Amino acid sequence: MSDIFREIDEDLRRDQAADLWKKYGSWFLAFAVVLVGATAAYRAYLHFEAQKAEALGARYQAALELSRAGKSADAAKEFSAIASEGTAGYQVLARFRAAAELQASDKAASAGQFDALANDAGVGPVLQGLARLRAATILADTLSSTELAQRLEPLLAQGSSWAPNARELLGLSALKAGDLANAGKQFDAIMTDPATPPALRQRTELYLALVKSG
């Protein structure tokens, strides 16, 4: 008896499947075609992006070679082109390199590009801080102590990863101006900051020796 019921159940299932296919078979086929097409398009997109990234990597390496060869102007142009055409990661790297290459020929333009990076929230706070520090370093010899302090003030906030480096620049500027009290203050702050890297701490010990020697 159970075999009869099982056969009836199987017949009903086959009939239901046949009815479903008659009603929705064309939709199933259409969905399958779309799915296959979408998968193929996605794979093609991934392949294209991989090729694009590989080409950008080669261009970036070529620009680095120009820099190493002393062709800063040519390197700056190529880095700028990569920054305008590349993917997000290469854009930021290339913008930093382009700004750095300009320093040899046009400090104002170089600092301007670093300032633009410092004001670009899209690069993230850490890189913004680095850009601000680089711009201040480039212009340090042409800025008054007040102007330099204004530029570096955002980096001196508690917990800032760039605070020790900013204080080093402020201390050196004060030392150069003969303001030993301010120089000593900045160098002391570096020594007491737990975030100060070991190499900077060693340099600061030498700075403090200069301050104490007058």
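**Figure 1. The largest nonpolar core.** The largest nonpolar core comprises 23 residues, and those with the most contacts inside it are Phe114, Leu148 and Leu152. A nonpolar core here is a set of buried Ala, Val, Leu, Ile, Met, Phe, Trp, Tyr and Cys residues joined through side-chain atoms within 4.5 Å, where buried means under 20% relative accessible area, exposed over 50%, and partly exposed in between (1.4 Å probe, protein chains only). Two or more residues of this core are given by each of helix H3 (88–102), helix H4 (107–118), helix H5 (125–139), helix H6 (145–152) and helix H7 (163–176); the largest share, 6 residues, comes from H5. The model is predicted, so local features need pLDDT of at least 70 and side-chain atom pairs count only at pLDDT 80 or more, while totals for chains, interfaces and linings use all residues. Residues are numbered from 1 along each chain as its sequence is written, and side-chain values use heavy atoms, with hydrogens and water left out.

Figure 2. Leaving aside residues up to four places away in sequence, leucine 152 touches Leu133, Ala136, Ala166, Leu169 and Leu170, a contact being heavy atoms within 4.5 Å.

**Figure 3. The chain as a whole.** The secondary structure comes to 9 helices and 0 strands; helices (H or I, at least four residues) and strands (E, at least two) are DSSP runs, numbered from the N terminus. Of the 214 residues in the chain, 29% are buried, and residues 24 or more positions apart account for 39% of the contacts with a separation of 6 or more. The mean pLDDT of the chain is 80, with 72% of its residues reaching 70 or more; pLDDT is the predictor's confidence in each residue, from 0 to 100. Over residues 44–49 pLDDT stays under 50, and for this stretch the model has 0 contacts beyond four places in sequence.

**Figure 4. Helix H7 and its cover.** With 14 residues, H7 reaches 20 Å from its first C-alpha to its last, close to the 20 Å expected at 1.5 Å a residue; the expected span of a helix is 1.5 Å times one less than its number of residues. Its buried residues are Ala163, Pro164, Ala166, Glu168, Leu169, Leu170, Gly171 and Ala174, and what covers them includes H5, H6, helix H8 (180–192) and helix H9 (198–213). Just after H7, glycine 178 takes a positive phi of about 85°.

Figure 5. An α-helix has 3.6 residues a turn, so residues three or four places apart point the same way.

**Figure 6. Alanine 183 in helix H8.** Alanine 183 lies in helix H8 and is buried, with a relative accessible area of 0%. Not counting residues up to four places away in sequence, alanine 183 touches Gly171, Ala174, Leu175 and Val211. The C-alpha atoms of alanine 183 and valine 211 are separated by 7.3 Å, although the two residues are 28 residues apart along the chain.

**Figure 7. Threonine 204 in helix H9.** Threonine 204, which lies in helix H9, counts as buried because its relative accessibility is 0%. A polar atom of its side chain lies 2.7 Å from the backbone oxygen of leucine 200. Residues up to four places away in sequence aside, threonine 204 touches Phe187, Ile190 and Met191.

**Figure 8. Two loop residues.** Lysine 71 is placed in the loop between helix H1 (2–68) and helix H2 (72–85) and counts as partly exposed, at 44% relative accessibility. Lysine 71 and glutamate 101, 30 residues apart in sequence, are 8.9 Å apart in space, C-alpha to C-alpha. Alanine 104, found in the loop between H3 and H4, is exposed, with a relative accessible area of 69%.

Methods. A polar contact is a pair of N or O atoms within 3.5 Å; within protein, one must be able to donate a hydrogen and the other to accept it, and residues adjacent in sequence count only if both atoms are side-chain atoms.
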